[in-house]
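Subject: Structure for you to look at

Hello,

Here is the structure I said I would hand over. Please open it before reading on.

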Amino acid sequence: MRGLVVRLDSFGDVLLAGPAVRAVAGRADRVTLLCGPRGAPAARLLPGVDEVLVWEAPWVGFSPPPVERADIDRVVDRIAAARVDTALVLTSFHQSPLPAALLLRMAGVGHIAADSVDTPGSLLDVRHRRAPRAHEAEAALDLAEAAGFPRPPGDDGRLRVRHAPAAPELTGPGPYVVVHPGASVAARRWSPERCAHAVRLLAGAGHRVVVTGGPDERDLTALVAGRDGLDLGGRTQPPQLAAVLAAAGAVVVGNTGPAHLAAAVGTPIVSLFSPVVPAERWGPYGVPHVLLGDQRAPCADSRARECPVPGHPCLDEVTAEDVLAAVEKLLESGE
């Protein structure tokens, strides 16, 4: 049997699909993951994935491409060439799986399962209803089980990735704490000045600090690292970032893909979590963590990209002292 898992949005969303992917891999002879360009680096890290198909869907993301008949025909042909028997369409609670299911039907996939609040007609064979307030990783596992893919024996259901070994050539020897100041949208970012203050406080308290970020975040990581942190901005691809996070004592990070990557390598997390999406669905999963940020702020559940409240109070009322205390709490509990 050949299985297909569809998760078309971000890096972090694909990581959260990992336990469900392993469930499918436990019974399928081969697993293909269909994902978008932003999720592809995460897809290549997931255990159980044999093939990654990358396609940018016109109903996903901040700047989706236009709908073009030739593009639709190409992706249908690619799915058909994978000769898939059964598929899971994974979506967040506010997304519809039906556009993807339609393409799978056009590609000849015979059995399709998804969470759906809409009447699916002939598009779904298993129309599942997710549990209220379920975490994204748990919801995906529940759907997999409903589709005939229970969690494999001995699998703890946590996030997991394949990653490079420890990277002392990047981090240097000895213990350290990671601060990751960036996020894909402004509403989920702590202010750079507060991040920089936290780095100074952590260093002053005797912690070695490593600051991470993507190639387009070098100015941000340089500001945050200052003279007290080691700036790795733009120097790590996802496997190397996973290795850096895995060797950290704790990670200070917002609601962004590297938070889920830290969880996937088992590292405790200080989560600077903006409530524009609910923490119960997207918070750190399966690892010790401290959640910081006002989860009852006026922006809660707004899915805003730019903070709609002057002063960004949900996060910027968090102090560097709060972060230091949370880091030390996690480090002490892990000793």
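Below is what was found in it, from the whole chain down to single residues.

Please keep in mind that this is a predicted model.

Overall form. The protein chain has 14 helices and twelve strands. Its radius of gyration is 20 Å, close to the 20 Å that the globule rule gives for 335 residues, so the chain is as compact as a globular protein of that length. Along the principal axes, the C-alpha trace spans about 60 × 45 × 35 Å. Of the 335 residues, 56% are buried. Take the contacts between residues at least 6 apart in sequence: 63% of these join residues at least 24 apart.

The accessible surface of the chain is about 14300 Å², and carbon and sulfur atoms account for 50% of it.

Nonpolar cores. The largest nonpolar core has 59 residues, and Val 161 and Leu 261 are those with the most contacts inside it. Apart from this core lies another, of 32 residues, which includes Val 177, Ala 198, Val 199 and Val 252. Neighbours within four places in sequence aside, Val 161 is in contact with Leu 15, Leu 45, Leu 46, Pro 47, Ala 242, Leu 261, Ala 264 and Val 265.

Leu 46. One of those contacts, Leu 46, sits in the loop between helix H3 (40-43) and strand S3 (51-54). Not counting residues up to four places away in sequence, Leu 46 touches Val 14, Leu 15, Gly 18, Val 21, Leu 33, Arg 160, Val 161 and Arg 162. The C-alpha atoms of Leu 46 and Arg 218 are separated by 27 Å, and the two residues are 172 residues apart along the chain.

Thr 171. This residue belongs to helix H7 (residues 168-171). Thr 171 is buried, at a relative accessible area of 5%. Leaving aside neighbours within four places in sequence, Thr 171 is in contact with Tyr 176, Arg 208, Leu 230, Leu 232 and Val 244.

Two residues with positive phi. Most residues other than glycine have a negative phi. Arg 83 has a phi near 55°, a positive value in a residue other than glycine. Arg 83 lies in the loop between helix H4 (69-81) and S4. Its relative accessibility is 55%, and exposed means over 50%, so Arg 83 counts as exposed. Asp 301 also has a positive phi, near 65°. The loop that holds Asp 301 runs between strand S12 (289-292) and helix H13 (313-316). At 52% relative accessibility, Asp 301 counts as exposed.

Regards

Key
Residues are numbered from 1 along each chain as its sequence is written. This is a predicted model: local features need pLDDT of at least 70, side-chain atom pairs count only at pLDDT 80 or more; totals for chains, interfaces and linings use all residues. Side-chain values use heavy atoms; hydrogens and water are left out. A nonpolar core is a set of buried Ala, Val, Leu, Ile, Met, Phe, Trp, Tyr and Cys residues joined through side-chain atoms within 4.5 Å. Buried means under 20% relative accessible area, exposed over 50%, partly exposed in between (1.4 Å probe, protein chains only). Contact means heavy atoms within 4.5 Å. Helices (H or I, at least four residues) and strands (E, at least two) are DSSP runs, numbered from the N terminus. The radius of gyration is taken over C-alpha atoms; the globule rule is 2.2 Å times the number of residues to the power 0.38. Accessible areas come from the Shrake-Rupley method with a 1.4 Å probe; for residues, only the protein chains shown count as cover.
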